[in-house]
Amino acid sequence: MKKLFDKTKINQMELKNRFVRSATWEGLANPDGSCSEKIADMMLELAKGQVGLIITSHAYVSQCGQGSIRQLGIYDDRLISSYKKMVEEVHKEGSKIVLQISHAGARALAQLKDSEPFGPSSLKIKDVMNCREITTSEILKMTEDFKMAAVKAKKAGFDGVQIHAAHGYLLNQFLSPFFNKRKDEYGGSIENRARLILEILQAIRSELGRQFTVLIKLNSDDFIEGGFTPEEMVQVAELLEVAGIDAVELSGGTSLKISNYSSSRVSESDSKEDEAYYGDAAKLYKEKISVPLILVGGIRSYELAKELVEKELVDYISLCRPLIREPDLIKRWQAGDIKKARCISCNGCFVPARAGEGLYCNPVARRSELQRMDSYEEKIKKYIKNNHIKAEHLSFKTSCHSVEEAVQTVNASIEDFVKNICLIDKKGNLIVAIVKGEDRVSTKKIGKVLGIERPRTANPQEILEKTGFICGGVPSFGYQATFLIDPKVMEKVAVYSGGGSEKSLIKISPQELLKANQGQVIKVKK
Ligand SMILES: Cc1cc2nc3c(=O)[nH]c(=O)nc-3n(C[C@H](O)[C@H](O)[C@H](O)COP(=O)(O)O)c2cc1C
Ligand code: SF4
């Protein structure tokens, strides 16, 4: 049986376990894109923490492809030496390291380079994207740039490269029918949309040979209407398998407003079932493809990681945010402390990186965003008072990020907590399922109860827009929605639910909860 701590090989690359650090932009590269000491120190810490394979942050293959501030670059030979020490130190710890190579395409910070960004097709969507169409000669140059980036990576001592074809960057834009409207051999059929990626792979292989490790990160789904789908992902993986890719890392989403899900989702629940959000796509992949599969996205529990590997649903477990919070997580798990990763998936770590301070775990940054929600505390208090609802509004000095933390704060049991799971129907209407703190909801069942097509989970932005409350602190009444209450909630004398911010909770009896929602309650479970 396959095990998490098996020694394995991808192409010629020998790995000491099945844990991968997924590519993570640190915002700490030198202004010219060369590798800084701070980044080298971070990679060394991960290697000491027993990560088998480290994938660096995305490194731009040409200057017009830079997508983030203080991002790594690999566009010029003079940058090679800056990476060497980092690679050597990681190797000394027995870990392997590959360079993620990327072009941001339409998402490039072109203003930094004084140029206009390009994508597969010209696209103008307000506040999302404004790009021109890439020309055929620029496409040929792109292949050359990716190839030369791989050559530089090899010279720097990296064990391989990972082609970044996910998260709405250039190669994902080519794959996605939403971005790619081309009429030539790079647009239309899936074979055409995958052509650039296949040409890049072939170019790297012809320059560096079959023994150089080449991985790819693919979206399993863009979560954009008219975008790349799991079915197309399998077709692309089949083409890549034939072309000789060494492993595929499956991810999904983009951080663009038009995506229903970002690639780094803010946690919606603590439940193990909500981890590994591309699990279904992984199953589709495994039915057809034999190239090793690396799965990323929301994996937090040791038990789940173990199950995914032992049941051969995936070959490698890839983690990003858990290793920002705990670079030594794998070492901890290996030593037998198999408690869940401490990362709460709040995305606070993006705040310092975007502000130019460099990446670090910073849930407080997220909390200070939440402080702005204080006026809603007042709104809730008023709502309770004006509607004569018998409920207590409790405020705390400390924030509660999870049901578990909230349980500790009020010294109650998890049974006494309710959480609001926000869903959206096809017309964009909000449906709120009020369930016990540890429970999930079946979207299929809810669709059936309401006589509608299966609703989907609302994203944090939609929750904010439709309720006026931030995701995670949504109170169980006081806004326009269809409320569904689990009868198990009704068995309790009193329950606690989210207030206007993560600093507050509301204690209310289920009967009052019914009243507060003006009889709009439908029982989900029998
Ligand atoms: C701060 C930050 C930077 C990231 N940078 C990259 C990147 O450079 N390349 C990439 O492919 N994904 C990047 N990602 C996405 C992660 O690799 C990963 O796919 C995503 O966060 C889901 O995994 P997780 O739930 O384990 O965090 C980044 C994510 C975060 C939080
Ligand atoms: S800031 Fe939040 S998401 Fe980022 S590593 Fe820390 S706990 Fe995880």
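The centres of domain 1 and domain 2, taken over C-alpha atoms, lie 37 Å apart. This is a predicted model, in which local features need pLDDT of at least 70 and side-chain atom pairs count only at pLDDT 80 or more, while totals for chains, interfaces and linings use all residues. Residues are numbered from 1 along each chain as its sequence is written, and chains are lettered from A and ligands numbered from 1 in the order in which they are written.

**View 1. The two domains.** Domain 1 covers residues 18–338 and domain 2 covers residues 374–523. These bounds come from an automatic or database domain assignment.

View 2. The shell around ligand 1 holds 25 residues, of which S22, A23, S264, C320 and R321 come nearest. A residue is near a molecule or strand if its C-beta atom, placed from the backbone, lies within 6 Å of it. Strand β4 (53–60) and the helices α11 (321–325) and α13 (350–354) each supply at least two residues of this shell. Helices (H or I, at least four residues) and strands (E, at least two) are DSSP runs, numbered from the N terminus. By class, the shell around ligand 1 comprises eleven nonpolar, twelve polar and two charged residues. Here Ala, Val, Leu, Ile, Met, Phe, Trp, Tyr, Cys and Pro count as nonpolar, Asp, Glu, Lys and Arg as charged, and the others, Gly among them, as polar.

**View 3. The surroundings of ligand 2.** Ligand 2 is surrounded by 13 residues, and the closest are C343, C346, G348, C349 and C361. Helix α11 gives the most to this shell, with three residues. The shell around ligand 2 divides into seven nonpolar, four polar and two charged residues.

**View 4. Residue S57 in strand β4.** S57 is placed in strand β4. S57 counts as buried because it has 26 C-beta neighbours inside 10 Å. The term buried applies if 20 or more other C-beta atoms lie within 10 Å of a residue's own, exposed if 12 or fewer, and partly exposed in between, with C-beta atoms placed from the backbone. K3 stands 54 residues from S57 along the chain, and the C-alpha atoms of the two are separated by 27 Å.

**View 5. Two residues with positive phi.** Most residues other than glycine have a negative phi. N11 is not a glycine, yet has a positive phi of about 55 degrees. N11 sits in the loop between β1 (8–10) and β2 (13–15), and counts as partly exposed because it has 18 C-beta neighbours inside 10 Å. Q50, also not a glycine, has a positive phi of about 75 degrees. Q50 is found in the loop between α1 (37–48) and β4; with 22 C-beta neighbours inside 10 Å, Q50 counts as buried.

**View 6. The open sheet of β7, β9 and β8.** Three strands form this open sheet in the order β7-β9-β8, with mixed pairing. Its edge strands are β7 (118–119) and β8 (123–125), each of which pairs on one side only. Two strands pair if DSSP finds at least two bridges between them. Strands β8 and β9 (residues 129–133) run antiparallel and are joined by three bridges. The bridge partner of I125 in β9 is M129.

**View 7. The two faces of helix α9.** In helix α9 (residues 279–288), the buried residues are A281, A282 and Y285. Seen down the axis of α9, these residues fall within an arc of 100 degrees, so they line one face of the helix. The arc is that of the directions from the helix axis to the C-beta atoms. On the face of α9 turned away from the buried side are the exposed residues D280, K283 and E287.

**View 8. The open sheet of β15, β21 and β20.** Three strands form an open antiparallel sheet in the order β15-β21-β20. The edge strands, β15 (391–395) and β20 (495–498), each pair on one side only. Strands β15 and β21 (residues 504–508) pair in the antiparallel sense over five bridges, and L394 stands opposite L505 in β21.

**View 9. Strand β19 and its partner β17.** Strand β19 (residues 482–485) is covered on both faces, with T482 and L484 buried on one side and F483 and I485 buried on the other. Strand β17 (residues 430–436) runs parallel to β19 and is joined to it by four bridges. In β19, I485 is the bridge partner of I434.
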